[in-house]
Each structure stands twice: as C-alpha cells, then as structure tokens.
Amino acid sequence: MQTHLSSRFAVRSSVIAAAVLLSVVAPVAVAGTAVAQQAGTFASATAEPAPRIDSVRKVDTFVYGERVRFAAKITNPSDRPVTGDQQTLVTFAYGKHVNAALEPIRADKSLVVLEQSTADGIRRVALGTAADGSLQALVQIGKGKPIAPGATITEDFYLTVSPSVPAEVGMGEFSLGSDAEPTGRRTIGFSMSRNAVKDKSVVTGVNGTPELTTGGKPVEFDVAITKGSSSEGGYGSEFFFVHTDSGDLDPQHVTVERRDAKGKWVAVRAGKQDQSVFGVLGEGNRKPGETHTYTLRLSLTRYFPEGADHGTFIVGSEGANTSFGFDVRHQGNSTTDPDVSRELAITVDGVQGVTPLKAGGAAEEFTATVINKGDITQKPHVLLEITDHDVKRRMAAGEVRIEQYSPTAKSWAAAPGLRPSTEDGHLMATVTPEGPTLAPGAEVTYKLRVSATSAMKAKAFTVDIEARAELSSTRKRLPFRLDSAAPQASTSASPAAPTGRTAQTLDGEMAKTGGGSSTPLLIGAAGVLVAIGAGGLLMARRRAL
C-alpha cells in the first residue's frame, strides 16, 4: 500500500520539507531588500486600471512540511482591460498566537517555500525579508494575460513551512496586496499547530500486488476515509481513480462495485478523467473526525487494453488518498472485436407524430437526446437532414429555419451550415459542438426548433436527426406538414442505415442516472450540468437540459 503522489489527478501531494526546501526551481519573481522599496501599489508601466483583490482563502489544512494552497480572487472592476504586467505583494508571517492575534517572530526564509501557479506550471517565488520580519515577494498576476473588464480570476499560491521553525510558532498570516494599494490588503490568519491531523485514507484486504484476469474474478477490499480532526469540515466527497501507465482507460475496461446496506453488490457509476477511470463513492457534508467506510471490489473486463500489464487503484478524498497496484493477466477479447457494442440511440421530446407548421409562423421547439448504449466511449457527430415530402423536389435553404439554443448565451441562433446536400435534394445542418465524448451510458441533449419561412414551397417535409460515430449510426425522423396542406401519412420508419453502419431502433429509453454529482477534479463535477461551447449542449452522467 502506498500514498499516491501523482499530480495528474490534482490531489494535494504530501511532500517532505527537505525535498521541497532543497528543490531547485526557477523563480517567477525576485524579492529581497528591493521588495520594501517596490511594494505599495500594483506595478504597471502606465496608469492603467488597477485590479481589485476580493478575497484570499486557505484551501488545505495546514500541516508542516506539506504544500498548503491559498486561492485569491481578483477582479477587474473597470470598463477597460487590465494589462498583463500587473504585480502585487505577497506577505507571509508567523509567530505566537496571543489574545486571538499574531505576535510575529522574525521569519527565516530558508525554512519557507512559496510557489505560484503560472502558465508554465507551479513555479517557485523568491522571498525577501521585510523590516517587520515577514517574508515578502512581488508576483505577477493574471499569468501574463490581460484581465477583461468585469472579469474575475483566481490566483493559486502554495506555501510549505519546515517543522524546523521555532517551537513557539502557533499561528501564521498570508496576505495579498498592501495597505498602500487602492484596493488594500486581503489577509487570512490560520493555525500552525503541530497537532494538525489531515484526512486519512486506508485500504484493507489487499495483500501485496493482486493479479486480476481480464473478464475474470474481482478483488475485494475495504476502504476507510476519515476527515481530518483539524479540518474545517463542510461539503466533500470520496472518490476513486483507476489508471495504467501503458494505456488509456475507459469505463468499459474496469468495473468497480460497492456493497450496499442490504449486502448486494452495486456497480459504481464511472466516467473518464484524463486517461483514467473516475468515480464517486459518496458525498455530502463531512464533519471533522468523521469516517466513511466502503466495501468495494474491482474487476477488469475482457476489453482491458492488451498492452497494459499493470494498473493502479487510487481511493481517497480531497485531502488524502492511498493506492494499491495490480498486475493484469490477459484472456478473452479486446476492444477491436466485432462483438463490442457501439449502440447509439436518440430520443425526442416535445413533438409527436406529424407536426403542423404555418409558413412564416411560429417555430416548433423540441429536444433531441443522443445516448451511448454501447460499452465503449464514443464521439457521435449529430447532423440534421431536411427533405421535401416530394423527394423529386430540391428544397432551398431559405424555405426552412433550424435554430439551436445556446445555454451559454441564453439565446437561440441559426444552426450552422444549413446547406443543400451534394448527394441528393435534402438540406443539411450541423448540431454543435461536434463530437462530444460520451462514456458508456452517458448522453447529450440538444435543444432545437424548426420553422417554415414565408418562402416555403413544400407541402410537407421531414427532419432526420442522425448521430454518427465510428462504425455506428442511428437516426430519428420527425415529419412536418404545412397547415394549409392536407395531413400527410406519418413516415416515422427510419431509412436503411448506410452500408457498414448499424442502425438502431429508438425505444425512448433514457440513459441511466449517475450515482454521484461531485468530483474533486471535474473538479466540482460529474452529474452537474456543464455548458460546452457556443452550441446548445448539456453533458452529464445523466445529462439533460
């Protein structure tokens, strides 16, 4: 069993003081005796608008020898962009905790490491000692990019303090800005107790490195995750990752199950994070010292990547995690086998049967949901085909209007690329964004509307919604008629699929609902509605508009 230290999962790593303090990193700012002379205002070559420091907060529990993250919110309150060369002052002081206030002790900069998240990664900041004994540095904000009018950005700083500071140290203060700046200084005080207890994650039931056979039996184990007694508590979650160093994992490669209160094994809903499989075990308000236990089992499907012979299972919370490795023995088939399911489905809500329209009249609104019912991740592209009921007639683009709702802009816009097909007489339009990544069981919903313009010449027409992915496709046909025309017989049967594709019959079944709604990296998370791009797309483990 080992504590997982990989930064790819953005879980706070445990770094011993000596390793951090002796590391050689390139500084992002040079501070020393000149700090006191330069500090006083946001530094800029010209009298440009100054950003406002709204708040500074401590994200992690303070533990000696470990990185503690501080996050600052900075806003441009003006109606002009703030240039990307702005600087401000970072100050750190430590000392005794006397009468609910800091009684400072002259800080030793050799015992403190300050780092900043930049466009090039986390970089060390050179510290200088101020006249009052605190440590200071001038840092650039905005990662070198202008801050748009009204925009708010987050600056992340990481502080590591050696346990070699004087024993009487019991409190620290971290601040951004200075009293001389127009927006002032924002300071947070925090305990530097040597008795701080962070989150703890423990796995039992796994001895050594288990061997898992693809398509074979699972390994069973118990997990206990405890909220640190010195943490502030609040909303949190327990989660897991499964990854391999020699392959890209999808949810169809592994199965994680948990035993419920009735003793029944229930699959944990999983998604993809980076190149790993990710899932949430539990979430909610977590009190300091509270422990949550889970009985789990892990198995590999027969589709597990053939080139991967070793994997790692990681489990924990935002504050701590642990892991165990497992060896892989391959048997069965891989994801290239012809029996791998690539089934897609489309459901439509809002219109039924033959829908009447009036030329130049109001639009008919509906939603179309594309569901990945297969057992591999797919990237379906969604197209619309508009065809006159008289198949011999070629429709003109000006006869019909197809619009898509954008949750980002909160408005309707014409679907891009409405154009005549080069193959036959129908019109084509593209639904955006194209090619969303859908894990098995995931879905994506588009909000659309159709109207007939005053130039409409067709007496009836159809709109085919087609979802295309690699080696698979499916479609749903929606018939419309002009209200001045006699009702047309419904042509709801889907046309034959092109050669080499598998056409699926639509049964109206919605995708399964996910079991978790927060993730530390999704980071906030799976199950939460996420607007993507300019198009009307909402994605979730159960994604709906």
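**View 1. Strands 1 and 2 side by side.** In this predicted model, six bridges hold strand 1 and strand 2 (residues 68-75) together, and the two run antiparallel. Look for Arg52, which has Thr75 of strand 2 standing opposite.

View 2. The model has 16 aromatic pairs, and here is one of them: Phe70 and Phe190, a tilted pair at 5.5 Å centre to centre with 55° between the planes. Phe70 comes from strand 2 and Phe190 from strand 11 (residues 186-191), so this pair links distant parts of the chain, 120 residues apart. Both Phe70 and Phe190 are buried.

**View 3. Phe157 meets Phe174.** Here the ring centres of Phe157 and Phe174 are 6.0 Å apart and the planes are at 50°, so this is a tilted pair. Phe157 sits in strand 9 (residues 152-161) and Phe174 in strand 10 (residues 171-176), so the pair ties together parts 17 residues apart in sequence. Phe157 and Phe174 are both buried.

**View 4. The ring cluster.** Which residues do ring pairs link into a cluster? They are Phe62, Tyr64, Phe70, Phe92, Tyr94, Phe157, Phe174 and Phe190.

**View 5. Charges over rings.** Arg67 puts its charged end over the ring of Tyr158, 5.7 Å from the centre. Lys447 does likewise with Tyr405, lying over the ring face at 4.7 Å from the ring centre.

Definitions and conventions
Residues are numbered from 1 along each chain as its sequence is written. This is a predicted model: local features need pLDDT of at least 70, side-chain atom pairs count only at pLDDT 80 or more; totals for chains, interfaces and linings use all residues. Side-chain values use heavy atoms; hydrogens and water are left out. Two strands pair if DSSP finds at least two bridges between them. Helices (H or I, at least four residues) and strands (E, at least two) are DSSP runs, numbered from the N terminus. Rings of Phe, Tyr and Trp (its six-membered ring) pair if their centres lie within 6.5 Å; planes under 30 degrees apart count as stacked, over 60 as edge-to-face and the rest as tilted. Buried means under 20% relative accessible area, exposed over 50%, partly exposed in between (1.4 Å probe, protein chains only). A charge sits over a ring if NZ of Lys or CZ of Arg is within 6 Å of the ring centre and within 35 degrees of the ring normal.
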